[in-house]
Amino acid sequence: MSTINSEDDEDTFKILIATDIHLGYMEKDPVRGKDTFVTFNEILDHAQKHEVDFILLGGDLFHDNKPSRKTIHACLESLRKYCMGDRPVQFEILSDQAVNFYNSMFPWVNYQDENFNISIPVFSIHGNHDDPTGADALCALDILSCAGLLNHFGHSASVEKIDISPILLRKGRTKIALYGLGAIPDERLYRMFVNKQVTMLRPKEDEDSWFNLFVIHQNRSKHGATNYIPEQFLDDFLNLVVWGHEHECKIAPCQNQQQHFYVSQPGSSVVTSLSPGEAVKKCGKKMKMQKIALETVRTFYMEDIVLADHPDLFNPDNPKVTQAIQAFCMEKVEMMLDNAERERLSNPRQPGKPLIRLRVDYAGGFEPFSVHRFSQKYMDRVANPKDIVHFFRRREQKEKNDNDLDFGNLVSRPASDEMTLRVEDLVKQYFQTAEKKVQLSLLTERGMGEAVQEFVDKEEKDAIEELVKFQLEKTQRFLKERRTAAEEEKIDEEVRKFRESRKKNAEEEDEEVREDAMTRARAQRSEDAVLVTASSDEEAMDTGMKGSGDSDDGFPATLTRGRGRARGRARGARGQNPTARGSSQRRRGSSGRESGPSSRTYKPLSVPAKNASIMDGRTLICPEDVCLMMKCLNSLY
């Protein structure tokens with residue numbers, strides 16, 4: 001956390017900056033459950049005592065995409081307690097607020113709303129933990145924005161081109177252009193920067209007189225070829241970049257020698273991973289940054305031990321070496337507990353039980369002891385007793401002789417035992433190593449991995465089903481264009497070639513799956529919610545219609561959506577398709593302006609006639625496709 005602070009006069013902006021608060025993290029833990037809420041209150045209390053002009057949050061205010069009622073309630077309580085009052089706001093907004101807050105039904109800053117008394121405005125972008133989801137692309141920040149307690153900005157509706165329009169602030173003679181960009185998948189944003197699809201708009205008049213402040217929430221450290229955002233991608237006219245998402249506290253502004261702007265990385269206000277980066281202390285165009293150390297953050301001590309570095313203490317051939325290692329670890333933990341107790345005595349606001357992590361490298365023939373039994377001794381003294389000790393083994397480096405290398409026997413292995421795989425990586429590995437009879441024959445591993453990731457992380461229950469439909473439709477269009485003969489062998493061969501071509505173009509595959517299949521899943525979830533609330537007379541009419549028309553179509557009931565075909569006909573009975581319904585909602589919500597996020601629409605699947613061919617232009621699914629679909633789903637489960 002930090003403040004931009006200078007002499008208190010009518011031309012100076014005082015801004016409190018905080019990122020990655022993660023409200024609700026471990027809220028059910030009996031010891032650490034209240035940590036995030038206590039620290040959030042301390043941050044807001046600092047803002048009130050220092051009489052800042054506004055608070056700027058850099059994303060991940062919430063830890064979960066769908067915060068619990070307890071977390072939402074605690075957040076509303078804090079914002080109402082500290083940010084509402086009669087103290088007048090001393091700055092004005094010069095930019096078009098309908099553009100800055102286009103995603104809101106109330107497109108103006110909350111302190112200018114006559115229904116609220118706001119003394120400290122809060123401006124926030126969203127992070128990857130609390131990002132917008134669903135057909136309406138809403139997040140928890142939009143709830144706070146609608147309640148008038150927070151100003152959510154930096155939300156991009158387009159996945160093809162991003163124009164970042166600043167919020168123009170003026171206080172006396174000082175002018176700030178506040179830019180913000182909420183979290184976007186790093187690979188996609190990286191590609192958009194490379195393709196010149198990200199534009200930062202500048203004021204038309206006196207553009208050199210503005211202090212340009214940019215808030216971003218992305219990977220700053222390189223996690224892969226494109227899984228981060230290089231600082232060189234950002235425009236050189238910026239003065240200060242506040243970087244969220246990275247939890248290590250590097251709050252002192254560091255100048256980028258190539259772009260010449262300064263970067264400040266406040267880090268997280270709560271420890272969410274027991275790693276070295278989390279152990280760091282949290283804490284005209286001229287700027288001054290003052291660090292404010294948080295007093296309510298739980299103490300975190302961490303130390304590494306390499307057993308092989310102590311040959312005088314540990315001999316792997318000694319039958320009692322494990323007991324010696326355990327005694328050594330206990331001594332280290334006691335030392336860290338003593339340090340934590342001394343620090344707590346100097347700060348009574350600090351939580352009593354500290355976080356302790358001892359990482360033990362047992363490479364070299366050693367054996368780990370029972371961590372569970374070790375933890376029992378510290379149940380009442382440590383906040384994380386179950387994971388005090390973490391055993392790991394680094395890959396041992398052997399002397400290499402180029403003349404003796406057998407390249408045919410080389411096997412690729414992970415860089416360390418601590419590597420974490422994502423869900424889509426596990427899906428890909430499963431299908432690559434599975435037997436031939438359960439291999440995917442129509443879907444790609446990348447597409448299936450993306451669908452499973454959406455299902456797990458965002459609870460998109462229709463993601464896998466919509467992916468299957470999307471890939472079926474795309475394959476059928478391909479076969480029709482190729483005019484493939486209706487012979488099983490030729491169809492299988494063409495499908496195989498088409499699948500291989502999609503696998504080669506990985507970027508296009510990822511983009512289509514995210515923009516089409518996943519958008520369809522979110523739209524379908526919204527549509528299902530509407531159908532659940534259908535009136536009883538409509539249900540009765542649907543039931544009456546069920547008896548008419550073709551009833552024996554040979555289509556498996558398990559592949560239709562909803563509870564039978566009555567729900568499918570309910571959509572038609574309303575006389576609305578998903579496209580029309582979505583557009584009408586945007587018109588109602590935009591108050592005369594186009595503000596809804598753009599999304600691709602699709603036609604609902606029609607029920608095929610019995611014995612229909614894959615080449616029949618009137619159908620989208622045939623018996624062969626049904627077999628392929630069931631084979632894919634069976635292989636997944």
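**Note on the predicted model: sheet, salt bridges and confidence**

1. Strand S13 and strand S14 (residues 262-265) run antiparallel and are joined by three bridges; one of the residue pairs concerned is Gln255 with Tyr262, the latter being the bridge partner in S14. Helices and strands here are DSSP runs numbered from the N terminus, a helix being H or I over at least four residues and a strand being E over at least two. Two strands are taken to pair if DSSP finds at least two bridges between them.

2. The model is a predicted one, in which local features need a pLDDT of at least 70 and side-chain atom pairs count only at pLDDT 80 or more, whereas totals for chains, interfaces and linings use all residues. Residues are numbered from 1 along each chain as its sequence is written, and side-chain values use heavy atoms, with hydrogens and water left out.

3. S13 belongs to an open sheet of seven strands, whose order is S4-S8-S9-S11-S12-S14-S13 and whose pairing is mixed. The edges of this sheet are formed by strand S4 (92-93) and strand S13 (250-255), each of which pairs on one side only. As background, the strands of a sheet pair through backbone hydrogen bonds, in either a parallel or an antiparallel sense. Over the whole chain there are 16 helices and 18 strands.

4. Of the 637 residues in the chain, 49% are buried, where buried means under 20% relative accessible area, exposed means over 50%, and partly exposed covers the range in between (1.4 Å probe, protein chains only). The chain exposes about 33,400 Å², of which carbon and sulfur atoms supply 49%; accessible areas come from the Shrake-Rupley method with a 1.4 Å probe, and for residues only the protein chains shown count as cover.

5. The structure holds 14 salt bridges, each being a side-chain nitrogen of Lys or Arg within 4 Å of a carboxyl oxygen of Asp or Glu. In one of them Arg298 is joined to Asp35, with the closest N and O atoms 2.7 Å apart.

6. A second salt bridge links the side chains of Arg359 and Asp304 at 2.9 Å, N to O. Arg359 lies in strand S17 (residues 355-361) and Asp304 in strand S16 (residues 300-306), so this pair ties together parts that are 55 residues apart in sequence. Arg359 is buried, with a relative accessible area of 14%, whereas Asp304, at 37%, counts as partly exposed.

7. Strand S17 contributes another such residue, Arg357, while its partner Asp387 lies in the loop between helix H7 (371-375) and strand S18 (389-392), so that this pair ties together parts that are 30 residues apart in sequence. The side chains of Arg357 and Asp387 meet at 3.6 Å, N to O; Arg357 counts as buried at 10% relative accessibility, but Asp387 is partly exposed at 30%. Elsewhere, salt bridges that share partners join Arg202, Glu207 and Asp208 into one network.

8. Met26, in the loop between strand S2 (15-18) and helix H1 (35-49), has a phi near 55 degrees, a positive value in a residue other than glycine, and is partly exposed at a relative accessible area of 29%. Asp206 lies in the loop between strand S10 (198-200) and strand S11 (211-217); its phi is likewise positive, at about 50 degrees, although Asp206 is not a glycine, and at 54% relative accessibility Asp206 counts as exposed.

9. Phe106 is found in the loop between helix H3 (97-100) and strand S5 (122-124) and is partly exposed, with a relative accessible area of 38%.

10. Finally, confidence: the chain averages a pLDDT of 75, and 65% of the residues score at least 70, pLDDT being the predictor's confidence in each residue, from 0 to 100. Over residues 1-7 the pLDDT stays under 50, and the model has 36 contacts for this stretch beyond four places in sequence, a contact meaning heavy atoms within 4.5 Å. Residues 543-623 also have a pLDDT below 50, and beyond near neighbours in sequence that stretch has 109 contacts in the model.
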